[in-house]
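Thanks, everyone. Let me put the model up, and then I'll walk through a few places in it.

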Amino acid sequence: MQILLVFLLIINASLAQQVKLFSENFYPAGLNILQLEDPKNTEIEINTGKKTYRFTASGKKAFYAIPYDAGRVAILNVIKNGKIIYRKFIKIHQKKYPVSRITVKERKKTKELLKRIQDEYRLIRKVLSIKTTPLFTEDRFIPPLKKLVVSTPFGAKRIINGKKRSIHWGTDFSAPEGTPVYATLTGRVVLARELFYTGKTVIINHGGGLFSLYAHLSQINVKEGQTVKGGQVIGKVGSTGRSTGPHLHFGIYLNGLRVDPSLALKLKL
């Protein structure tokens with residue numbers, strides 16, 4: 001019995017050595033990366049106690065994210081062929097988020113407008129569900145603007161025209177209208193059109209479940225289906241859609257899960 005136990009411990013230790021953590025962005029909406037010796041048939045799982053989130057490994061360097069509402073503790077599991085080969089209990093660092101109060105001109109929502117909003121929401125969810133192998137080779141996220149000045153951080157609690165609304169699911173960077181906006185990583189443009197809330201909007205698929213979003217642009221310089229390089233100009237800062245002034249709303253998503261761009265920009269890939 002003791003021999004069997006020792007044998008199992010040796011096997012578990014060798015399996016654990018197949019996994020190496022590359023980051024500890026253990027914050028709400030923190031994007032993370034780990035290295036796998038063999039990513040075939042491997043999933044990464046984050047269990048918050050209330051909900052389980054799964055991320056498919058599409059390469060030796062695989063992404064996973066801490067959900068925004070994860071609480072104080074989560075469990076990271078790496079699962080290969082249905083078996084857990086690595087487990088880590090994660091203490092999530094708590095953050096305080098500000099309240100963002102803005103006033104915008106309300107537009108009467110007719111049946112046609114409500115249908116447009118619903119159709120655009122479905123479109124965004126659809127493009128964010130596209131699955132491809134990694135398309136980028138950069139070792140870091142490239143800032144979407146030459147100068148980053150945060151006007152509204154990710155996670156801010158929004159009050160619009162005096163009413164509580166949803167969480168601010170991106171980072172707003174203030175910049176003069178017409179300022180060039182750059183693709184944060186190489187990828188394929190999956191959306192480049194004007195939407196009701198976010199105005200002229202670009203979404204880029206970087207592969208591996210990773211996407212970036214650029215909103216309220218004054219000008220779009222790319223087309224859907226086009227491959228762009230990291231650092232390439234994809235548009236210009238504007239104030240289209242529901243906006244109070246010129247700025248870039250920058251979002252990053254992993255498997256449709258919203259992550260904090262400010263944390264992602266610090267991540268070494």
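Ground rules first. This is a predicted model: local features need pLDDT of at least 70, side-chain atom pairs count only at pLDDT 80 or more, and totals for chains, interfaces and linings use all residues. Residues are numbered from 1 along each chain as its sequence is written, and side-chain values use heavy atoms, with hydrogens and water left out.

A pocket here is an open set of points on a 1 Å grid over the protein atoms alone, where a 1.4 Å probe fits, with protein on both sides within 12 Å along at least five of seven lines; lining residues have an atom within 4 Å of a point. The lining counts 32 residues, with Ser 166, Trp 169, Tyr 197, Thr 198 and His 249 nearest the centre. Which element gives the most to that lining? Helix H2, with 5 residues. Strands E16 and E19 (247–254) are among the elements giving two or more. Helices (H or I, at least four residues) and strands (E, at least two) are DSSP runs, numbered from the N terminus.

Now Ala 215. This residue lies in strand E16, residues 210–220. Touching means heavy atoms within 4.5 Å. Lys 200 is 15 residues away along the chain, with a C-alpha separation of 6.0 Å.

Next, Thr 184. This one sits in the loop between strands E13 (180–182) and E14 (187–195). Thr 184 is buried too, at 0%. Its side chain reaches the backbone oxygen of Ile 142 at 2.8 Å. Beyond four places in sequence, its contacts include Arg 140, His 206, Tyr 214 and Phe 250.

Last, a sheet. It is open, with 4 strands in the order E4-E3-E6-E7, paired antiparallel. Strands E4 (52–56) and E7 (83–91) stand at the edges with a single partner each, so one side of each has no neighbour in the sheet. Pairing takes at least two DSSP bridges. E3 (residues 42–47) and E4 have 5. Within that pair, Ile 46 stands opposite Tyr 53.

Terms used
Buried < 20%, exposed > 50% of the residue type's maximum accessible area, 1.4 Å probe, protein only. Polar contact = N/O pair within 3.5 Å; in protein donor to acceptor, adjacent residues only side chain to side chain.
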